[in-house]
Amino acid sequence: MTGRTLYDKVWDSHAVKTYEDGSTLLYVDRHLVQEVSSPQAFDGLKAMGRALRRPDAHVAVADHAVPTRMRDKPLPDGLAARQVSRLVDNARAFGVPYIPMNDRRHGIVHVIGPELGFTLPGATLVCGDSHTCTHGAFGAIAFGIGASECETVFATQTIRQTKQKRMRVRLLGAPGPGVTVKDIILALIAKVGTGGGFGHAIEYAGPAIAALSMEARMTLCNMSIEAGSRVGMVAPDETTFAYLQGRPLAPAGALWDRAVAEWRTLASDADAVFDREVELDVSAIAPHVSWGTTPEETLPVTGAVPDPAAEPDPARRARLQKSLDYMGLTPGMPLKEIAIDRVFIGSCTNGRIEDLRRAAGVLSGRRIAPSVQGIVVPGSAGVRSQAEAEGLDRIFRDAGFEWRASGCSMCVAMNDDRLAEGERCASTSNRNFEGRQGKGGRTHLMSPEMAAAAAVAGRLSDVRDLGR
Amino acid sequence: MEKFATLTSIAAPLPETHLDTDVIFPARFLLLPDKKGLGEQLFNERRSNRDGDGPRFVLDTPPWNQARILVTGRAFGTGSSREQAVWSLADFGIRCVIAPSFGEIFFSNCFKNGVLPIVLDEAAHGAVMAAADAAQPLTIDLEAQAIRFQDGRTLPFAIDPHRKRTLLEGLDEIGLILADDLADISGFEARQRQERPWLHLTREQLGYLDDVGEELR
């Protein structure tokens, strides 16, 4: 018998039963509940008179629709206020803990899950949000589901799934100065395409992984969905255990020791076989920026806007042209000449304390260009207060950024934080889709330090050119 | 859930690739409270000219405004997990989407809402797209797993057997699990509490969230 992968091991330990067609009834340990994907699920339960199988396995928080300023007042009456209210009422009616928007534990689901220790190695975790793959950084099988599937999890604590194929992405070498894990994941998506991980559960491995902090691993796993995979995982190690120990919902005492002993066995066996293997030499990667309207339309910042005329395949040529038209770019234009209007630093991809420290490191003693408006939206209240304790808010404010309260904000543009038609944004978020940051808005994805550098220059720029 | 048996309709041709769920159903409409009526917002930003002169989006252009099948390019429904993308297609009247590839979450959301997503290879997809362009009706026979053209040609398609049954019978998945699998679930939970007790949060641990207070509203 060949060895098992990390994914196999966590899967096997959560298989309630296997059906005749080979699919599995998978047990779900944890469910994060937010205001956008849950109301219809709760309605479904009510209509059928169903209860939650295990209210203790869910935590609810409103992150998508909440404003990031004037949080001392209730939301003005409207659709967002009603959506948040509905979550509050549902959480109460069904006995789920709810974290209010001004609580010190508030934040984006994918930021607070790990902060609380709700996310654990070897667990299964779901949420009605595609970036649930973030939690795979801990060695959990974590994936995004739709509202109907949320209802299934509420009622049964399980979900019927077909096992994914296994894909390993080996990261080799060490990144150069100014290059972060965001550049690595963008480079990977550019390499394998937005369908590259389709049908596969990705495990990130290789020598470069050990050096990554938990926050960096979360950024990496977070964008697995942009490579087409619902699941991205990293085997737990000492870095993982050190991050989790002492977290409020993590096990403690003798139970902690017992858990860690098991977590140490989760790493893929040396003879485990993957259906697909990809290698990426991270030492060869330059800082990346997206130029188009899918995350695979990404290039080193030293590059130029692609020319559709040079693309022989007609379908690809049409696709390139469509992206350029939407983005308002000219073929051949150096990426570093693209002027920007807005900068967004935040999101479940890059809204954690290390992200803010690095962006502040670039901004310290500098001012953002007069033509640029920038906001910093910490991923959680915890990140925000930590940043304030370190004086980072002062650096951002002095540089000309607005310092906001936690939430998804301009990554999903469901609240007031959005681009106007035609505005161009340097963004640390995860999706550059048409209209993602507001109708007609143009998004360039990049790392926090690259977004900070763009803010200073007023155009896309290479953080390595700034010195420091 | 509405059963899916056999569907005959012209198909709307939408050859673009990478139509993600933000394009299918823009995020600002996610604040709308219900599943019903969302067809109005389907592909909203592409439909600035719904009934005037000049170019219209295919789903606003007769005869395709009556289409119940959508034929589109690869990577349809990638991105956000929002089930609104499927609800808005279903509300508009689309019961079948044909593409070379789909976003995984969108794909599985379809089956929860009586919408059939069909993956076809390039050649088969090209044939279906040509029929869609020509506004020739197609028949989707789920039982036989076949697409039938007006001229009698047929194309087979693959579908997971369980998902096929779910659509054909309009099954309530939750009801099925509760009816058939509860003993297995209880047994699993009992074993897990013994073997991996840390995966079950205790009352004491959850007490950490007891002092959260009320939402401002």
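These exercises work through a predicted model with chains A and B.

**Exercise 1. Decide how the radius of gyration of chain A stands against that of a compact globule.**

Step 1. Take the length. Chain A has 468 residues.
Step 2. Along the principal axes, the C-alpha atoms of chain A fill a box of roughly 55 × 55 × 45 Å.
Step 3. The secondary structure of chain A comes to 16 helices and 19 strands.

**Exercise 2. Do the comparison with the globule rule for chain B.**

Step 1. Count the elements. Chain B has 8 helices and 8 strands.
Step 2. Apply the rule. For 217 residues the globule rule gives 17 Å, but the radius of gyration of chain B is 21 Å.
Step 3. Conclude. That is well over the rule, so chain B is more spread out than a compact globule.
Step 4. Look at the box. The C-alpha atoms of chain B fill roughly 65 × 45 × 25 Å along the principal axes.
Step 5. Look at the domains. Chain B is divided into domain 1 (6–171) and domain 2 (174–209). Their centres, taken over C-alpha atoms, are separated by 38 Å.

**Exercise 3. Find the domains of chain A and how many residues each gives to the contact.**

Step 1. Read the bounds. Domain 1 of chain A covers 9–162, and domain 2 of chain A covers 290–466.
Step 2. Count the contact. Domain 1 of chain A gives 22 residues, and domain 2 of chain A gives 22 residues.
Step 3. Take the separation. The centres of the two domains of chain A, over C-alpha atoms, are 28 Å apart.

**Exercise 4. Decide whether helix α5 of chain A is enclosed or open.**

Step 1. Locate the helix. Helix α5 of chain A spans residues 147–156.
Step 2. Count. 10 of the 10 residues are buried. Among them are A:E149, A:C150, A:E151 and A:F154.
Step 3. Conclude. Helix α5 of chain A is largely enclosed by the rest of the structure, because its residues are buried.
Step 4. Check what follows. Just after α5(A), A:Q157 takes a positive phi of about 60 degrees.

**Exercise 5. Describe the surroundings of A:P448.**

Step 1. A:P448 is in helix α16 of chain A, residues 448–457.
Step 2. List the contacts beyond four places in sequence. A:P448 touches A:I345, A:N350, A:D355, A:R358, A:A359 and A:T428.
Step 3. Compare sequence and space. A:P448 and A:A360 are 88 residues apart in sequence, while their C-alpha atoms are 8.9 Å apart.

**Exercise 6. Examine the backbone at A:A413, B:Q145 and B:P63.**

Step 1. Start with A:A413. This residue is not a glycine, yet its phi is positive, about 55 degrees. A:A413 sits in the loop between β17 (401–403) and β18 (424–427) of chain A. Its relative accessibility is 4%, so A:A413 counts as buried.
Step 2. Turn to B:Q145. Its phi is also positive, near 55 degrees, in a residue other than glycine. B:Q145 lies in the loop between β6 (138–141) and β7 (146–149) of chain B. At 22% relative accessible area, B:Q145 is partly exposed.
Step 3. Finish with the prolines. The peptide bond from B:P62 to B:P63 is cis, with omega near 0 degrees. B:P63 belongs to the loop between α1 (21–24) and β3 (69–72) of chain B.

How values were computed
Residues are numbered from 1 along each chain as its sequence is written. Chains are lettered from A and ligands numbered from 1 in the order in which they are written. This is a predicted model: local features need pLDDT of at least 70, side-chain atom pairs count only at pLDDT 80 or more; totals for chains, interfaces and linings use all residues. Side-chain values use heavy atoms; hydrogens and water are left out. Helices (H or I, at least four residues) and strands (E, at least two) are DSSP runs, numbered from the N terminus. The radius of gyration is taken over C-alpha atoms; the globule rule is 2.2 Å times the number of residues to the power 0.38. Domain bounds come from an automatic or database domain assignment. Contact means heavy atoms within 4.5 Å. Buried means under 20% relative accessible area, exposed over 50%, partly exposed in between (1.4 Å probe, protein chains only).
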